[in-house]
Amino acid sequence: MIDRAGFQLSRRYRQLRNIWKAEGYGGIIRRTRTALVQWATPKDIMMPVRPIDVIEADLSRPFPVIVPKAAPDQPVSINWVMIPAGAGSGGHTTLFRIIRYLEAHGYVNRVYFYDIHHVDHQYYESILRHSYGFHGHVANIDDGMENAHAIVATSWPTAYPVFNARSEGKRFYFVQDFEPYFYPAGALNVLAENTYRMGFHAITAGRWLAEKLRSEFSMDADYFEFGSDSSHYKRLSDCRRSGVAFYARPEVARRGFELGLMALEIFAKRRPEIELHFYGDKMGNLPFTFVDHGRVTPEQLNDIYNRCYAGLSLSLTNVSLVPHEMLAAGCIPVVNDAVHNRIVLDNPFVRYAQLNPHALAAELEALVTMVDFDTLSQAGTASVHSATWDDAGATVDAIFRQAFGA
């Protein structure tokens, strides 16, 4: 027993010595903190959907839904089922842009929270009011739902209570990404994928998702095009560009953070005079110089874009709002070359590169060394001015009205 304890102590000492040599004192602190968090974290896994909601959702025996007819003089009513979110959520930003458009065009919109964490609903309702500009009814789905012309799931966990609900209303699914890709092969991956078999009518952010859901799951699916938010993102006449921006989200695997980090390390060695601006999450120490903005407001982000020639925005699933924001500000986005990105962005001023660090770094370098970059920047801005979020809202309005014969 003593010999074994001595062996383990020697092994741990050698491991600490190797970490010290490779990463210094900071590496030991980070690893110790991670070990303590893992030790203190409860071992039972909190699923993003209640197991009872999954058990009650028998896909082979769907509840026969009653769809009220929309009279010409009657406003269309929509129940939106969503997870409570903090300010600045990209998915909720897009969702409420559509909801505000519908609200302005006579719809009655209601929000029902699907909440497995028992949060303070009054607090999250205030976020809907002040951060997303929502003026309608807000309630908890556990307290029941009113009848409506449509009931809309807005993420895969919310699809289960929408499927199980006994309220009247045609079932829709507002799909902003292919959420099974958020998980490795396993139960959550399967549970997310099963929501595309519930018989809902999908309304997707961009054409790629609609085509995927039609071909792989035989879903009825329509789509809207991404808009450009020119109220927040615009090219400033007095800007001086000297940097590169990076949308850095380490905890969101689909944004390819590690690949972007390696690409920028290569780029920083080639072009040390170019400022690197990180935003999204605070980074801490990195092996090169950069400006660590962390979370920023749209106004601050527009300023960052206007200080940069280019921005690195990686999307391993459906694209984020970032490339459109960058273009509106005259900052050229560098995006990983993938079918889903090309289909949804469909813009000649987006720069595509193979998803490896050297190819991404090379594309960034080509932009910062371009002789007539200003002409490219102006053309990039002009390319997104014609696409507005009102256009997207009008498309969703038409999808609903066609479904109801209104």
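1. Basis of the note. The structure is a predicted model, in which local features need pLDDT of at least 70, side-chain atom pairs count only at pLDDT 80 or more, and totals for chains, interfaces and linings use all residues. Residues are numbered from 1 along each chain as its sequence is written, and side-chain values use heavy atoms, with hydrogens and water left out.

2. The sheet. Seven strands form an open sheet in the order β3-β2-β1-β4-β5-β6-β7, with parallel pairing. Strands (E, at least two residues) and helices (H or I, at least four) are DSSP runs numbered from the N terminus, and two strands pair if DSSP finds at least two bridges between them. At the edges stand β3 (137–140) and β7 (220–224), each of which pairs on one side only. From one strand to the next the twist averages 25 degrees; axes here are lines fitted to C-alpha atoms, for helices over the stretch in contact, and angles run from 0 to 180 degrees between N-to-C directions.

3. Strand β4 and its neighbours. Strand β4 (residues 150–153) runs parallel to β5 (residues 170–175), and four bridges join them. Four bridges likewise join β1 to β4, again in parallel. A153 has Y173 as its bridge partner in β5, while V81 stands opposite A153 in β4. V152 stands opposite F172 in β5. Buried means under 20% relative accessible area, exposed means over 50%, and partly exposed lies in between (1.4 Å probe, protein chains only).

4. Contact means heavy atoms within 4.5 Å.

5. Helix α13. The twelve residues of α13 (residues 373–384) should span 16 Å at 1.5 Å a residue, and the end C-alpha atoms are 18 Å apart, which agrees. The expected span is 1.5 Å times one less than the number of residues. F373, L376, S377, G380, T381 and V384 are buried in this helix. These residues lie on the same side of α13, because they cover an arc of only 135 degrees around the axis; the arc is that of the directions from the helix axis to the C-beta atoms. Among the elements covering them are β11, α10, β12 (332–336), β13 (351–353) and α12 (357–368).

6. Aromatic pairs. The whole structure holds 28 aromatic pairs. Rings of Phe, Tyr and Trp (its six-membered ring) pair if their centres lie within 6.5 Å; planes under 30 degrees apart count as stacked, over 60 as edge-to-face and the rest as tilted. F96 and Y132 form a stacked pair, 5.3 Å centre to centre with 20 degrees between the planes. This pair links distant parts of the chain, 36 residues apart: F96 is in helix α3 (residues 90–104), and Y132 is in the loop between α4 (121–130) and β3. F96 is buried at a relative accessible area of 0%, and Y132 is buried at 4%. Y123 and Y124 form an edge-to-face pair, 4.9 Å centre to centre with 80 degrees between the planes; Y123 is partly exposed at 47%. One aromatic cluster consists of W80, Y107, F172, F174, F224, F400 and F404.

7. Two loop residues. Q74 lies in the loop between α2 (51–56) and β1 (77–82) and counts as partly exposed at 37% relative accessibility. Setting aside residues up to four places away in sequence, Q74 touches K69 and H149. S315, in the loop between β11 (308–312) and α10 (322–328), counts as buried at 1% relative accessibility.

8. F257. This residue is in helix α8 (residues 257–270) and counts as buried at 10% relative accessibility. Leaving aside neighbours within four places in sequence, F257 is in contact with F246, A248, R249, P250 and M283.
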